[in-house]
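Me: Could you walk me through this structure, one question at a time?

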Amino acid sequence: MGFVKSLKCRECGRDFPLEALHVCEYCFGPLEVDYNYDEIKKVITRELIESRGSNMWRYKELLPLEGDPTVGMQVGFTPLVKAGNLAKVLGVEELYIKNDAVNFPSLSFKDRVVSVAMSRAREMGFKVVSCASTGNLANSVAANAAACGMENYVFIPHNLERSKVLGTLVYGTHVVGIKGTYDEVNRLCSEIAGRYGWAFVNINIRPYYAEGSKAFGFEIAEQLGWKTPKHVVVPMAGGSLICKILKAFKEFEKVGLLDDPVETKVYGAQAAGCNPIVRAVKAGKELIEPVHPDTIAKSLAIGNPADGYYAARTMRETGGTGEDVTDQEILDAMKLLAETEGIFAETAGGVTLGAAKKLIENGVIPRDESIVLSITGNGLKTQEALEGNLVEPPVINANIADFEELVSRSGEKYKAAAKG
Amino acid sequence: MDAKKRYYLTYSKELVKEPLIYQVGRLFKVETNIRQASVSEDLGLVALELVGPEQEIDKAVEYFKEHGVKVEPIELGVIGE
């Protein structure tokens, strides 16, 4: 039996039954899952959580299912890496990387939201799962649906890059290309959700789906020894993850799992070519003005973010702020992360690190307090972004003389070889 | 049979003073029902329900678009990535 109470409107506070609803009937505000925290507090303990498997379902009391999960049982509990080398470069004392680039099965944090959405969809009796997507979400829906044997459909703009189509097709999903813009794909999906009664993970299952992101925050707090960091930097697309990380910390506090109160400042990162939330935060505005995305960080390229207003509020309320980075800064940060910590993040990771670097250099994030960087996807998925930005390897003949010639010509670059 | 559709309208600075919702109710056979609105000096957001024959709703949406209002079905706003 779960501890979920109802769906609650974030604007007017009205309660709705736990069905496939996502918009308040009265004020059109977004719906969010509400829990019975008093009951959860009675049963949940650090020991209970620690006794469970290394996956995100160790926090199942705080996730929106009635029973046990049936999709993505191995998702989550990704490494929180203490990033000493990167800390030295940035000149900070305590730096961690929450690394969802190695989340299972599809190498992004989307596996968290999708496994919650699909488990809940099955509880509600849906037979078909679907989404509109251009990247990580499509991969995750296709992979998780394949693993649990659920029929699934992924809708994409017809002119999408080949590599992204292949990365979804391989799971045997029904990929449907739509002749139209991404907006038109979305509009069609809304209609299909209504007419065919399918579970679109980020449309009619949205309130449950979004809750999956909390596990990212739960894990950070547990892996820090049941503490929350002083600062956390989060990439923003629709703006949901940043809100849910803070919600996770607050829930841990509410049910008595933390010794100290949550004092985390939350910072949102976007690409300069798609920065509607950061722009509003910097200008001190409440309303998010939509933009036309133009950035290599495609997984963050949402010009009209659904949760932008709430993301901005989260930053403001915690004393954090937003920062944006150019495409070149994104690439430089991707390389820096790989070179210092051996972590190959997708472009969104470059956005996060690039923004963090600026916030530290500008004195916004102090150098002597704990900082967590949120890495949400794997660099292998966006390799084309690096094309032309790395030094090509030299090619030599297969003989030792050619190698020695290369060593002498390379000077300091081949240090170990030169010494030999 | 009447249809019921929900939209977010985004008005730019130049349009904030225009009575477009009133005009839509006058020109087409649709009922307009504002559920939420937030207007600042340079941007307006309105959550609007339109009730009426499907073709009339389509015409009303076209009218908004022709006048430079960004019109999105409510469901659209929730797609990520």
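Me: How many residues of S11(A) are buried?

Reply: This is a predicted model, where local features need pLDDT of at least 70, side-chain atom pairs count only at pLDDT 80 or more, and totals for chains, interfaces and linings use all residues. Residues are numbered from 1 along each chain as its sequence is written, with chains lettered from A and ligands numbered from 1 in the order in which they are written. Strands (E, at least two residues) and helices (H or I, at least four) are DSSP runs numbered from the N terminus, and a residue is buried if 20 or more other C-beta atoms, placed from the backbone, lie within 10 Å of its own, exposed at 12 or fewer, and partly exposed in between. For S11(A), which is mostly covered, the count is seven of seven.

Me: Which residue stands opposite A:Val233 in S11(A)?

Reply: Strands pair if DSSP finds at least two bridges between them. S10 (residues 231–235) and S11 (residues 265–271) of chain A pair in the parallel sense over five bridges. Helix H10 (residues 240–254) goes between them in a right-handed β-α-β unit, right-handed meaning that, with the strands pointing away from the viewer, the path from the first strand over the helix to the second runs clockwise. The residue facing A:Val233 is A:Tyr267.

Me: And which residue of S12(A) is opposite A:Ala271?

Reply: S11(A) and S12(A) are also a parallel pair, with four bridges. In that pairing, the residue across from A:Ala271 is A:Val325.

Me: Which strands stand at the edges of the six-stranded sheet?

Reply: The sheet is open, has mixed pairing and runs S4-S5-S13-S10-S11-S12 in chain A. Each edge strand has a single partner, so one side of each is left without a neighbour in the sheet; they are S4 (80–82) and S12 (322–325).

Me: What angle does H11(A) make with S12(A)?

Reply: H11 (residues 276–283) packs on the sheet, touching S11 and S12 of chain A. Contact here means C-beta atoms, placed from the backbone, within 7 Å. Axes are lines fitted to C-alpha atoms, for helices over the stretch in contact, and angles run from 0 to 180 degrees between N-to-C directions. The angle with S12(A) is about 130°.

Me: How far apart are the end C-alpha atoms of H4(A)?

Reply: The expected span is 1.5 Å times one less than the number of residues. With 14 residues (110–123), H4(A) should therefore span 20 Å, and the model agrees: 20 Å.

Me: What do the buried residues of H4(A) pack against?

Reply: H4(A) is mostly covered, with 12 of its 14 residues buried, including A:Val113, A:Met118 and A:Arg120. They pack against S6 (128–132), H5 (136–148), S9 (199–200), H8 (206–211) and H9 (214–223) of chain A.

Me: Which element gives the most to the side of chain A that touches chain B?

Reply: The contact takes 27 residues from chain A and 19 from chain B. On the chain A side, the elements giving two or more residues are H5 and H7 (182–196). The one that gives the most, with four residues, is H7(A).

Note on methods:
Contact = placed C-beta atoms within 7 Å.
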